[in-house]
Amino acid sequence: MKVSPMPPLYLSDLRRRTAANVVAVHGADGVSLRLLEMGLVPGTQVTRVGSGPMGDPLEFELLGFSLSLRKTEARRVEVQVQEVREKDASQS
Amino acid sequence: MNENDKSLHVALLGNPNTGKSSLFNALVGGQQQVGNYPGATIEKFVGRCKHEGRELAIVDLPGLYSLNPASPDEQVAVDVLLTPNAADMQGMDVVVCVLDASNLVRNLYLTTQVLELGIPAIVALNMMDVATQAETTIDVKQLSSALGVPVVVTHGSRQQGIGELRSAIASAAVVATTKVTFSESIEAAIAAATTATFDQEAACQRRCFLNELTLSTDNESLENEQAKANQTTEFSAELDLCKQQFDAAGDRISIEPIARYAWINQVVSSVVVRADTERSLVRRRWLDRVLIHPFSGSLVFLAMLTLLFQAVFSWSGPAMDLISMLFQWLGSGVESLITQGMLRSLIVDGLIAGIGGVVIFLPQILILFFFIGLMEDFGYMARAAYLMDNIMSKVGLSGKSFIPLLSSFACAIPGIMAARSIKNRNDRLATMLIAPLMSCSARLPVYILITAACIPERQILGGWVSQQALVLLSMYLLGIVVAICVAWILKKTMLKGKTPVFVMELPSFKMPSISIVSRKMFQQGMDFVKQAGTLILACTVLIWALAYFPRSEPAVEQLSATQTSGIQLRNSYLGRAGQAIEPVVRPLGWDWKIGIAVLASFPAREVVVGTMGVIYNLGDEEDEASAGLKDHLKNATWDDDPSKPVFTVPVGLSIMVFFALCAQCVSTLAVLKKETQSWRWPLFTFVYMTVLAYVAAWVTFVVASNCLSV
């Protein structure tokens with residue numbers, strides 16, 4: 001995967017119905033560990049689905065299940081958007 | 001395996017929402033016992049069944065995502081597997097890993113961890129129907145050979161595959177030989193750290209090493225007993241070395257997840273023929289679009305809450321009336337059997353009244369549990385937490401605190417117990433400490449009686465709302481508002497900490513199983529009766545004794561029985577105490593009679609209704625609905641000024657505010673003690689709530705008196 005020249009993108013920045021691949025989970029505490037254990041390891045494809053009443057928490061889909069994270073937690077996950085998947089997602 | 005050991009010990013384990021409980025029910029049927037794990041108050045479900053003469057003792061462990069525990073619930077499951085002796089459990093002979101076939105990749109994470117523990121294992125592939133719907137085909141044989149253990153396809157709620165699973169368990173499952181290997185340096189460090197000679201212990205040490213290695217320094221409150229027990233000098237030396245090495249290299253915590261998911265992805269790609277994850281999400285998406293949509297989701301949520309409260313407070317009416325009638329009948333039955341005296345008084349006023357006071361709330365609590373169970377099983381509770389998270393995070397809590405607080409509207413005891421699912425100690429404590437501020441159903445009789453006696457019946461707001469209903473509603477709101485403030489203050493001071501994180505799976509929806517929900521409801525109901533019943537009973541008997549002794553001689557022969565009981569009460573230890581504390585309650589606008597009614601209601605708030613009945617020269621068979629007690633309260637006057645009524649609007653409000661905020665419930669305090677393993681928190685709760693209640697009642701009385709006299 002090529003390193004993009006753009007500033008890093010995080011799960012919290014992902015627009016609705018957009019899919020992206022995890023690049024890394026930042027932070028070294030139990031929360032980051034749990035994010036990794038829930039499947040947010042580098043390479044996993046994540047789709048942003050929706051958000052809660054006042055824009056927080058956010059809802060994501062990965063590995064066939066639905067995971068909700070607050071923006072603060074989503075900001076720990078660095079991602080990279082896949083151009084092709086974005087089209088797919090917007091069609092469905 | 002040991003011939004003498006009759007039963008085979010089996011642990012049932014898996015991620016949350018894998019249909020594990022329905023599988024457990026299908027395996028053992030009615031043969032279940034509920035206990036507690038030693039040192040923890042998490043329910044332990046043990047069930048027994050027989051397979052070809054061999055008894056299987058199956059433990060249903062709490063659902064967990066990883067053997068690296070993140071909450072007290074998860075810690076228990078890990079303790080059972082890693083330190084059987086510390087958890088006072090038999091070593092497990094077999095572990096059954098329950099997998100959700102429609103969510104295979106993430107489910108396999110825990111499975112790979114468990115397979116490495118050196119305990120014979122079986123994989124139960126559950127919810128295959130959901131996977132099939134999503135046009136996912138899983139090659140079971142291939143999966144079994146990849147994992148190195150038998151794989152049985154099951155369907156818990158349809159009783160499918162249960163016989164096969166039992167026979168797989170009984171026919172000595174195999175220890176998996178497959179394991180996820182880490183980089184050479186880690187494997188070398190593990191090998192050097194492991195001093196055990198036999199396989200299972202070595203496997204446990206491997207697990208502990210990985211836990212210690214991956215889990216960062218902020219170990220939060222979870223004491224890693226298993227780690228300490230297994231730590232030899234070699235172990236800690238190697239661990240420190242390894243930690244340093246990886247801290248320098250960067251991400252220490254990602255070592256295990258990355259290696260495992262790499263392994264899993266490889267297995268899954270060879271096992272799953274066609275995974276159309278998009279499709280499996282279609283149904284959920286449709287429902288979720290409504291249920292967690294910012295607008296429609298909030299509407300559904302409010303509708304659900306209204307329905308819940310409606311159910312708890314009105315549908316329970318007939319059952320509560322029936323129970324109340326039953327206990328009255330029991331009381332009068334005993335009265336007719338035993339002659340007047342101490343024994344009769346003890347049985348009727350102490351025991352029957354005490355037990356009745358607890359059992360009367362059982363219908364409400366069962367209905368509440370049933371609804372919560374339904375919503376949980378359907379998958380709605382996670383959505384409710386999702387919707388509430390934003391609001392809860394404003395006071396430093398998370399959406400997960402919402403369910404405990406919701407339960408507390410029926411009774412704080414199940415609410416406090418439900419707080420176990422909260423990971424962080426401080427957040428869990430904050431939730432438990434504010435739970436008793438929610439107006440529980442025991443406050444309702446008090447509110448109803450005092451409203452009826454003190455608040456004039458009038459329609460306000462153009463005749464739409466009755467003034468009494470408004471007062472009742474504001475008492476509920478008061479509790480909520482105060483709870484929010486207290487939570488905010490606690491999180492800023494004593495229980496400092498960041499707003500907790502919110503990482504939660506939104507499980508797929510499924511048809512709730514009535515049998516599971518009912519079973520859970522009855523079990524929780526029994527828990528309540530046991531927890532609350534024993535204590536309230538003891539305290540009721542104590543209060544009875546304080547009100548009964550010392551016996552005073554009836555001064556005038558012609559006095560009616562109720563008048564005699566009034567005099568008796570005034571001269572009893574309780575009455576004397578009441579008169580002694582009158583200066584304390586006077587600022588609240590109360591006379592000594594209200595004072596002792598409140599004192600006597602220390603074991604349980606609702607006791608105040610009965611006590612007032614006795615004090616205001618009535619029999620003690622009064623309840624909030626009886627016109628007699630209401631009218632007597634209205635007519636009550638001050639001892640020193642018979643022209644002044646006691647129960648004015650300010651006095652009524654001050655009593656209700658006091659009860660809305662006070663901690664007059666021994667059972668709640670006892671549960672707090674049990675859950676926190678210390679007397680500190682119940683004591684703190686009692687003090688803060690009582691002070692708060694007193695001050696608020698005083699302010700209410702002063703403000704209301706001034707406003708109304710103008």
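Strand E1 (residues 7-14) of chain B and strand E5 (residues 94-100) of chain B run parallel and are joined by 5 bridges, where strands, like helices, are DSSP runs numbered from the N terminus (H or I over at least four residues for helices, E over at least two for strands), and two strands pair if DSSP finds at least two bridges between them. This is a predicted model, in which local features need pLDDT of at least 70 and side-chain atom pairs count only at pLDDT 80 or more, while totals for chains, interfaces and linings use all residues. Residues are numbered from 1 along each chain as its sequence is written, and chains are lettered from A and ligands numbered from 1 in the order in which they are written.

**Around strand E1 of chain B**

- Because 6 of its 8 residues are buried, E1(B) is largely enclosed by the rest of the structure; a residue is buried if 20 or more other C-beta atoms, placed from the backbone, lie within 10 Å of its own, exposed if 12 or fewer, and partly exposed in between.

**Helix H11 of chain B**

- The buried residues of H11(B) include B:Glu256, B:Arg260 and B:Ile264, and, seen down the helix axis, the buried residues fall within an arc of 105°, so they line one face of the helix; the arc is that of the directions from the axis to the C-beta atoms.
- B:Gln266 and B:Ser269 are exposed on the other side of H11(B).

**Where chains A and B meet**

- Chain A brings 33 residues to the contact and chain B brings 38 residues, two residues being in contact if their C-beta atoms, placed from the backbone, lie within 7 Å.
- On the side of chain A that touches chain B, H1(A) gives the most, with 8 residues.
- That side of chain A divides into 16 nonpolar, 9 polar and 8 charged residues.
- Strand pairing also links the chains, as E5(A) and strand E10 (residues 503-506) of chain B pair in the antiparallel sense over 4 bridges, with B:Val503 as the bridge partner of A:Leu69.

**Confidence in chain A**

- Chain A averages a pLDDT of 81, and 84% of the residues score at least 70, pLDDT being the predictor's confidence in each residue, from 0 to 100.
- Over residues 85-92 of chain A, pLDDT stays under 50.
- Where pLDDT is low, the predicted coordinates should not be read in detail.

Technical notes:
Ala, Val, Leu, Ile, Met, Phe, Trp, Tyr, Cys and Pro count as nonpolar, Asp, Glu, Lys and Arg as charged, and the others, Gly among them, as polar.
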